[in-house]
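Here is a friendly note to read with the model open beside you. Take the points in order, and find each residue on screen as you go.

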Amino acid sequence: MMTLELLCARFEGLEPEELRGWIGAGLLRADAEGETLVFQEIDVARVRLILDLRETLALEEEALALVLSLLDQIYALRRRLGET
């Protein structure tokens with residue numbers, strides 16, 4: 001697990017307020033341990049994906065939310081197909 005501060009330190013230019021905004025918008029998930037936000041490795045990978053989509057495709061927040069939602073649906077469908 002990784003704290004908010006460590007996660008921001010891992011990605012250059014990433015600010016805590018930005019991460020909190022992504023959490024509030026439902027783009028990113030975080031667990032709470034007391035008052036501390038912690039992130040699993042899957043959440044760290046999602047941050048990497050968000051940054052990559054934003055930088056390489058120049059997606060704005062609204063478009064980013066749509067793309068992430070579509071990717072989540074694709075992965076959920078792949079999981080369900082794999083279960084049958």
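1. Of the 84 residues in the chain, 26% count as buried. Keep in mind that this is a predicted model. Along its principal axes, the C-alpha trace spans about 40 × 30 × 20 Å.

2. Now for the order of the elements. The chain has 4 helices and 3 strands, and from the N terminus on they run β-α-α-β-β-α-α. Among contacts with a separation of 6 or more, 47% are between residues 24 or more positions apart.

3. Which residues touch the most other members of the largest nonpolar core? They are Leu7, Phe11, Leu14, Leu19, Trp22, Val47 and Leu64, out of 19 residues in that core. The elements giving two or more residues to the core are α1 (4-10), α2 (16-24), α3 (41-56) and α4 (61-83). The largest share, 5 residues, comes from α3.

4. Leaving aside residues up to four places away in sequence, Phe11 touches Val44, Val47, Arg48 and Leu51.

5. Helix α3 deserves a paragraph to itself. This helix has 16 residues and reaches 22 Å from its first C-alpha to its last, close to the 22 Å expected at 1.5 Å a residue. The buried residues in α3 are Asp43, Val44, Arg46, Val47, Ile50, Leu51 and Leu53. What do these buried residues pack against? Their partners are β1 (2-3), α1, α2, β3 (36-39) and α4.

6. What comes after this helix? α3 is followed by Ala58, which is placed in the loop between α3 and α4. Phi of Ala58 is near 55°, a positive value in a residue other than glycine. Is Ala58 buried or exposed? Its relative accessibility is 59%, and the cut-off for exposed is over 50%, so Ala58 counts as exposed.

7. Let us turn to charged pairs. How many salt bridges does a search of the whole structure find? The search finds 4. One of them joins Arg54 and Glu18, with the closest N and O atoms 2.2 Å apart. This pair links distant parts of the chain: Arg54 is in helix α3 and Glu18 in helix α2, 36 residues apart. Arg54 is partly exposed, with a relative accessible area of 25%, and Glu18 is partly exposed too, at 21%.

8. Another salt bridge brings together the side chains of Arg29 and Asp43, at 3.4 Å from N to O. Arg29 lies in the loop between α2 and β2 (31-33) while Asp43 lies in helix α3, so the pair ties together parts that are 14 residues apart in sequence. Asp43, at 4% relative accessibility, counts as buried.

9. Asp72 and Arg46 form a salt bridge as well, and their closest N and O atoms are 2.7 Å apart. Why does this pair tie together parts that are 26 residues apart in sequence? The reason is that Asp72 lies in helix α4 and Arg46 in helix α3. Asp72 is partly exposed, with a relative accessible area of 35%. Arg46 has 18% relative accessibility, and buried means under 20%, so Arg46 counts as buried. Salt bridges that share partners also join Arg29, Asp31 and Asp43 into one network.

10. Last, look for open space. Rolling a probe the size of a water molecule over the atoms shows where empty space is left. The largest pocket holds about 250 Å³ of space. Which residues line this pocket? The lining is made up of Leu28, Arg29, Ile42, Asp43, Ala45, Arg46, Leu49, Leu71, Asp72, Tyr75 and Arg79. Helices α3 and α4 each supply at least two lining residues, and the largest share of the lining, 5 residues, comes from α3.

Notes: Residues are numbered from 1 along each chain as its sequence is written. This is a predicted model: local features need pLDDT of at least 70, side-chain atom pairs count only at pLDDT 80 or more; totals for chains, interfaces and linings use all residues. Side-chain values use heavy atoms; hydrogens and water are left out. A nonpolar core is a set of buried Ala, Val, Leu, Ile, Met, Phe, Trp, Tyr and Cys residues joined through side-chain atoms within 4.5 Å. Buried means under 20% relative accessible area, exposed over 50%, partly exposed in between (1.4 Å probe, protein chains only). Contact means heavy atoms within 4.5 Å. The expected span of a helix is 1.5 Å times one less than its number of residues. On a 1 Å grid over the protein atoms alone, a cavity is a set of points where a 1.4 Å probe fits but cannot get out, and a pocket is an open set with protein on both sides within 12 Å along at least five of seven lines; lining residues have an atom within 4 Å of a point. Grid points are joined across faces, edges and corners, and a volume is the space filled by probe spheres set on the points.
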